[in-house]
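This report concerns the aromatic rings and the strand arrangement of one protein model. Please consult the sequence and structure shown here.

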Amino acid sequence: MNAVIERARPDEVDALCAIERAAVQLFRGHPAWPFYADMAIPPELLHAAIARGVVWVARTAVGGEPVGFVWLDDALPDRAIGIGELDVLPAHGRHGIGAALLEHACDWARAAGYDRVDLGTLADVPWNAPFYARHGFVVVDKDDPAFAFARDRDRENGFPDRLRVFMSRPLPPLDASSWSVWPAPAKLNLFLRITGRRPDGYHELQTVFRLLDWGDEVRLRVRDDGEICRENEIPGVPAGQDITVRAARLLQSAGGTSQGADIAVDKRIPMGGGLGGGSSDAATVLVALDHLWGTGLGEDALAELGRRLGADVPVFVRGRSAWAEGIGERLQPLDLPRRSYVVLDPREHVPTAALFQAAELTRNAPRATISSFVSGETAENAFEPVVRARHPRVNAALEWLGSFGRAKLSGSGGCVFLETPSPTRAMAIAARCPAEFVAQVASGADRSMLHRALDRHRRTERARHTT
């Protein structure tokens, strides 16, 4: 196979949709053709899946042009994940690209804690059921309740049940030398108010943390020699100062374990952008290693360890969107309406310490209430006037995004965002983003991707111990 498999990028949505439309032409003349001819991938759903990190693309080794992709369907119930789409440009067929994409997706699913991969396909097409059978998939009873969700969705989409066959591939358990993968979601501050200053110099604040369905990915591998090793270099951040390494060492000490870990982080959240990237990475290390090491400290103890690493870490440990007070550690879970967001990175570093020291920063705002936030009365970010005056690129990003609605600064960083009622609207705005900024579309997630992953790993672990 003369191609490279990498995670898909948001700017590749149109290219991947074109690959799907080219691949579907192979079904002309088949009884399923009328369905395929009338049905196309919704770009907003593909964009959301790319944001969640469940789409991989095969690119040519020379030129980097997309020639195929696989999309994992993470909306299935239980411990399964599905093959939502697997397409290769016909001109690049029979070169092993589809097989490589499939194996790559199954390897990731295994590392993410899934215990099987399911799919629906056509029995009588060589590159469908027979192809999957060669890669360990077996036909299953479509009346099995485990496939009711997929069949219902087929019916909703009008796909004829008589043409469909369902298949499943079990995934072997991870062994001690295997890497596991864990999400580290980004957050937004839907407002931020500073109400006073404490005797220890910290500021009292009020905010609403909104967790997103997009973020970094942390890979972990347990070691038996007690060493904590960072696998990837971060410019300007020595390993000993890396918050993920510090989190692992803190848990190691608190949990009294002699085990160690290798840590690698796939960074997608801009550093210093006010989206909580470092804090979320640290929280993921705490939560995931507590499970992998079997230290069993529990959420309260892990949140306290997180507080010692940074004020934003506890909300990621607890895994719920929340109203926050104190320095951000006193949390009250909030159920927020479903919303999508355009997040803009102006690519300008905003130093947090300088903002807190700014003479013009408002530090004695009256206390807000949850009801004033819900009504829309409380929506400001105390840092925004300071950042606008000191950081022209961030100000420009706020001005541009503000032409579509109420643009806001997140936290004390440089990233800005706009709330929209639907991913379609968010994508339409992001598509118009000026070249000097980077736009990301994400949706709110009241319950963290990390906690959903933890549930999955726990269920899979229990199932393996009972078989």
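## Aromatic cluster

F27, F35, Y36, W127 and F159 are linked into a cluster by ring pairs; rings of Phe, Tyr and Trp (its six-membered ring) pair if their centres lie within 6.5 Å, with planes under 30 degrees apart counted as stacked, over 60 as edge-to-face and the rest as tilted. The model is predicted: local features need pLDDT of at least 70 and side-chain atom pairs pLDDT 80 or more, whereas totals for chains, interfaces and linings use all residues. Residues are numbered from 1 along each chain as its sequence is written, and side-chain values use heavy atoms, without hydrogens and water.

Across the whole structure, 15 aromatic pairs are found. The pair of F27 and Y36 is tilted, because the ring centres are 4.6 Å apart and the planes are at 40 degrees. F27 is buried at 9% relative accessible area (buried means under 20%, exposed over 50%, partly exposed in between, with a 1.4 Å probe and protein chains only). Y36 is likewise buried, at 15%.

## Charge over a ring

The charged end of R164 sits over the ring of F159, 4.1 Å from its centre. This term requires NZ of Lys or CZ of Arg within 6 Å of the ring centre and within 35 degrees of the ring normal.

## Sheet

An open sheet of mixed pairing is formed by 7 strands in the order 1-2-3-4-5-7-6 (strands are DSSP runs of E, at least two residues, numbered from the N terminus; two strands pair if DSSP finds at least two bridges between them). Strand 1 (3-7) and strand 6 (138-139) are the edge strands, each pairing on one side only.

Notes
Helix = DSSP H or I, 4+ residues; strand = E, 2+ residues; numbered from the N terminus.
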